[in-house]
Structures are given as C-alpha cells and as structure tokens.
Amino acid sequence: MSLAQLFSGKLLGGLLPKSLPLSLIISVLLLSTLWASAAEPLGATPHSDGSTTFRVWAPFVDAVAVKINGGTAVPLASEDGHPDPADATWVGTVPGAKAGDKYRYAIQRDGVTREFNDPRTRQLTGFELPDGFGLAGNDDKPQSVIVDPNFSMPAFTEPSFNTMVIYEMHIGTFNNTFAGAVEKLDYLKDLGINAVEVLPITQNPLFSDHTPPDHDWGYDPVQLFAVKSKYGTPQEFKEFVKQCHQRQIAVIIDVVYNHLVENNLLKEFGGFTRPEIPGGVYLYGGDRANTGFGPRPDYGRPQVRQYIIDNALQLLREYGVDGLRFDDTIDIRTFGPAHVANNEGAELLREINSSYRNTDPKQPGKITISEDLQSSGEVTLQTGPTGLEFNSQWDDTMVNVMRDVVTKVNDSDRNLSAIRDALQKKMASDVFSRVVYTENHDQVGHPPGQSRLPTLIDINDHESVFAKKRSSLAAAIMLTSPGIPMIFQGQEMLETRDFGFRTPTPVDFNRAADPKFRGIVQMYRDLIALRRNLAGKTGGLTGQNLNVFHLDDGNKTLAYHRWEQGGAGDDVVVVANFSNVPLPSLNIGFPRGGQWHVRFNSGAKVYDPSFENGDSFDTTASQGGMDGLNFNANVGVGPYSVVILSQ
C-alpha cells in the first residue's frame, strides 16, 4: 500500500479525524514502513525512544487504526508481504506511546468502525470489581495495556523429570496474588517441593454467580496472552517465576488451548463473520465450534495456530516458565462426543512440542504435560505420524484406584490387585511419562463425589486416626509409585475443605504448625525427600524399574521393589499394610541379602501421637526364596501403614 492510497481517504475515511495533524500522520506512516521490514512481533512492542510499534493480524477489513488512552485514532498501514487477504497484517509505530498506556484497535469494515482489544496484549484493564467485564452492562470496559517485556531472568536448571515432585497450586487461594504467593515459597522449599504447577493465570471475565465475582479457577480465558489482573502484572508474574527459581522450584503453567469463555474478546474480531464461522476468524464453526466448555479456536487457520504456538513460546521463553500443562487435550485432538479425530488440533500440539525443543533458543529440559485422560500412548510418543510428543500426561488410574481402596469401610473389601495394576500401568517405555496423584483440583473441587480424601475416608470425623492414616497411606503409595508424583495445595496439611469453584477456599497455612497436623506435614516432607533421593539412600524411587513381588489378600499386605541399576543406595523396598491389624513380623521376599534399613514408617508416633502399634525395625535379609525372590526377612508394619527400606 502506498502513502497516496492512505491519503486518498477511501480506506481510512471513518478512522482519520480532520483534527489529526498531518505531521503525525506522515511520521506514523513512515515509521510503519520502517518497522514493518524489521518484523516486529505481533502485538504492541515499546521501544527505548518512547515509541511503540503495533502489529495486528486483521483479515478481510478495510482499515485499522490504534487509539491510545482513548485519544485520536492513529492509522496503521497494511503490511507488505501478505498477498493472501486471509493473512492481512497491519502495522504502525506511534511516537509517544509508552508502557502503561492503554489502547484499542479501531477497525473498519463495510463502513462500520468498531473497537477491539489486542488479541496479544499481555495485560488488560476493565476486569476489576465492582463493575468489571463479565457483569451486566460492562462489555465496553476492557482496554489493552502496553507492557515493557524487559526483565532480568537469571538462568535456571530444571529438575530432571525422574526427580520432580509437583505441587499443584492456585494463585488466588495461595495467598491471593503473585506477590502474596512469593511470601509462601519458603514453605514449599522447606517441604521439599521442586516444581509448582500453577492453575491458569490468564484473564477471565467476572462471574455474577461467583462470590466474589472475580474468583475462578482460571479455565475461562477471554484471550490467551493477558495475565489475570487480580493476581498482578506481567512483571509481577515474572518476579514470581524468578523467586521460585531462586528456591530451586520449577514453574509449570496450566494453559487452556481447547476453548475460550463464551464472552471472549476474540469473538468476531475485526467484524468479519460468515455463516460457516459465526464467531469470526479465530474460532471454528460447524461441528467443531464448541467443546462443551466454550468455543474452540480454529486450529486449521495458520494464523490462529501460530497465535497459540506463540503464546506457549512466550511463556517458556519470555516469562521463563519451565513447563506447560495442557488442559483437556482430548478436545484439541478430537471433537464431539464420539471423539472424532481433529488432525489440525493434533498437529498444533506436535508443533508446540517441537518448537520449544528444536527452534532457538532450544529448551529440551522443559516439560510439557497433557491432561488427556485416555491412557493413550500416542500422547507421549516422540516419533511417527501419530505421536503428540508430550513428556508426560496426567493419569487418573492411581487416584481412582487409591480412593476406591482406602475409602472402603471393611478391610476385606480392599482390592489390592487393583493397586498392583495401578502401580504397574505403563503408557510408554518411560515410567515418568505419567503424572500420578491422590488429589488434584478436579478431584477435590466437585463435591459430593470429588472431595478431599480424608472426608471420604471418615464421613463423621475428617480428622480421625483413620482419615489421617489411610489418606497418608494412599499418598505414600503414590509418592513411591513409578511416575511423576503431584500433590494438591493443602493436601499435606490434611486439608478437609473442598476446593471451591464458585467461592474461594484459601490455603490455611496455620495448619502447618498446628499440633494436630504438623506431623502429617512432616510425613509429606520425609516422603518427598525420599522420593527425590536427597540423602542418596533411595535412588530406586527415581528409577525406571518396578516389581510388585508380594500381594497377600488374606492379611491385605503389598510389597514392591523399585530400582534403577540396583545395589546399595538404589534398591528400595516398599511394604504396605491395608488392614487395621498390626503386623510386627511379616515375612516377605527381598531382592538382596544383608542389612536393610527403615528409611520411613508412616505409622510412627512422630507423625501423630494417636498412631498405635506402628513399630518398625531394621532387618537382615537371609538366603531363602520368598515371593519369587532369593532372600527373605521379617518386617514390622503397623495398621494402615507404609514402611520404606533400603540398604
């Protein structure tokens, strides 16, 4: 497009007020031409000279301008190099536009000019109580904010996947804000956590049926790039990541690429719609239009696919996060109740996983986790046309089995074969290609069926000895199981309140020091240290190998061997008693002869003074076959307890 075309007035008639100085128009247009050749990223990019470049994908429209702080619309130029009208991109550099300024795009189509927020803005205003976007009468409130992306993020080495212990957390209830969460990071460091998985931090609308209306879990994004203003600014989020790293805690962010909220800010962007795409260029139409949670992005449109890829890369590179957990990938790679294959969505997932590993700066140490919940090996398959190339995926098998077993009233009804099968389950050759848990945000946030585990164990007394023992029994199995273990915020303090969907349930950090619960916190701390092999005595818990060698349905005992190479400091034996009967001298097989030391006993009184008959002891394995192994020894294991031994 030439300057003459722009000055003709045909294209910008509705956008170019007579009061706009000619000198500013010329400056903007000349700068537009200059910056377009420099290929600035899409969105708003502030410069050190006090100007900001705006680039926006807006196809099938007549003109685009940008309004800074509600002022005069400044025209953008149609960028060269986009011969396909579906790829039309507009660019302009505006002197004096700086970080902190608010802006919107004024887009003209068919003689009508409408204002839109930048799909790639890192920050939005207009979502604040008491009258923010989402509540009736406030649809015009949101404005985009120019953000300076510069930040000093020190280098960080991510934990290896086989030593990772994840703590799933929600910023809004983990001390309210990014800055508030930073104040509690030392608690997580002391607990032994080396990775946090943060529920989505993208901007959501307000909800009139939530109390307060700005409380949400985060799974209803209005667009993908804006950080939730209630939690803080993009810079404050980066500071949260930095502070986690300074405590050797990796940050995994939950991303929602399967749907947007119904009243999202991408709907009808630019004013272009067709019967086949009533939601506009960002959204699918037809059978793929809606996931059931909200409208589905159009993964088949290259610019929308790049929009999502760029968001993932921005989190991993600009924000410095160490991994992404993808929400509901089954609704990305398939559509409809019958899960019809959506190859466009599958290709998107592959592209994201390939991009961060194989394009500069390559980041192969970062992790991507899928919530697919179909037990599909294709999710973590790294090669071939069907592999989605994730590192790991959530697996509901452990949580479902353990909850079923430990909530049974009668010991005779506990199905130890199901536990054995859950331990042995593999969806790929790498056992760490699954994430295991006994609580997560869904499992504790949808009562009555999905509640905190202690409340399901003892419905009358959620803090009883049975609630404590059987919930920690489940946690000990999970934390010694093959896979990446994850706990949900408050689980380690025997939290019994449901995680509120419409009303917040703030973490009660006082429980960590409460005499009724601090022993349970210490139990989790000890288990996490063993799982990470911090003392160098339990390396097998970070290994690939498992042998469930003992299962006795008569006395409800189970034992298994974990190892990598084998030998002292590597071989680990886990013994579990799923009955209320103490077993002071249980004879079981052992993989090696010699002295075996008790490294952990969940029935010890140090964890709770009400724990009785839980004594355990070091033992010597002698020659003699037992449980299919060449050695045997006696171990002591209390009621509803787990004992961990190594050499």
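Student: How close do the axes of α6 and helix α8 come, and at what angle do they cross?

Tutor: In this predicted model, the axes of α6 and α8, the latter spanning residues 343-358, come within 10 Å of each other and cross at roughly 35°. Two packed helices are described in just these terms, the angle between their axes and the distance between the axes.

Student: What is the handedness of the crossing in which α6 passes α8?

Tutor: The crossing of α6 past α8 is right-handed. A crossing is given that name if the near helix is turned clockwise from the far one by less than a right angle.

Student: Which residues make the contact of α6 with α8?

Tutor: On α6 they are R305, I308, I309, A312, L313, L316 and R317, and on α8 they are L348, E351, I352, S355 and Y356. These residues count as being in contact because heavy atoms lie within 4.5 Å. By class, eight residues of the contact are nonpolar, one is polar and three are charged.

Student: Where does V321 lie, relative to α6?

Tutor: V321 is found in the loop between α6 (302-318) and β14 (323-326).

Student: Why is V321 called buried rather than exposed?

Tutor: The relative accessible area of V321 is 0%. Buried means under 20%, and V321 is therefore buried.

Student: Which residues does V321 touch, leaving out those up to four places away in sequence?

Tutor: V321 touches F237, V241, V251, I253, L315, L316 and K366. One of these, I253, is 68 residues from V321 in sequence, yet the two are 7.2 Å apart in space, C-alpha to C-alpha.

Student: How many cavities of 30 Å³ or more does the structure hold?

Tutor: There are six. The largest cavity holds about 140 Å³ of space. It is lined by 18 residues, with I201, T202, L224, N311 and L315 nearest its centre. Two or more lining residues come from each of β13 (250-255) and α6.

Student: What makes such a space a cavity rather than a pocket?

Tutor: A 1.4 Å probe fits in a cavity but cannot get out, whereas a pocket is open.

Student: How do the lining residues of the largest cavity divide by class?

Tutor: The lining has 14 nonpolar, three polar and one charged residue.

Student: What is known of the second largest cavity, its volume and its lining?

Tutor: The second largest cavity has a volume of about 70 Å³. Its lining includes T438, E439, L453, P454 and Y524. At least two lining residues come from each of α11 (453-457) and α13 (518-531). Five residues of this lining are nonpolar, three are polar and two are charged.

Student: What is the volume of the largest pocket, and which residues lie nearest its centre?

Tutor: The largest pocket has a volume of about 440 Å³. Of its 20 lining residues, Y219, H259, F293, D327 and D442 lie nearest the centre. By class, the lining has seven nonpolar, five polar and eight charged residues. D327 and D442 are among the nearest residues, and Asp counts as charged, so both belong to the charged class.

Student: Which strand gives the largest share of the lining of the second largest pocket?

Tutor: Strand β8 (residues 112-116) does, with three residues. The second largest pocket, of about 320 Å³, is lined by 14 residues, and E115, F133, D139, N264 and L265 lie nearest its centre. Four of the lining residues are nonpolar, three are polar and seven are charged.

Conventions:
Residues are numbered from 1 along each chain as its sequence is written. This is a predicted model: local features need pLDDT of at least 70, side-chain atom pairs count only at pLDDT 80 or more; totals for chains, interfaces and linings use all residues. Side-chain values use heavy atoms; hydrogens and water are left out. Helices (H or I, at least four residues) and strands (E, at least two) are DSSP runs, numbered from the N terminus. Buried means under 20% relative accessible area, exposed over 50%, partly exposed in between (1.4 Å probe, protein chains only). On a 1 Å grid over the protein atoms alone, a cavity is a set of points where a 1.4 Å probe fits but cannot get out, and a pocket is an open set with protein on both sides within 12 Å along at least five of seven lines; lining residues have an atom within 4 Å of a point. Grid points are joined across faces, edges and corners, and a volume is the space filled by probe spheres set on the points. Axes are lines fitted to C-alpha atoms, for helices over the stretch in contact, and angles run from 0 to 180 degrees between N-to-C directions.
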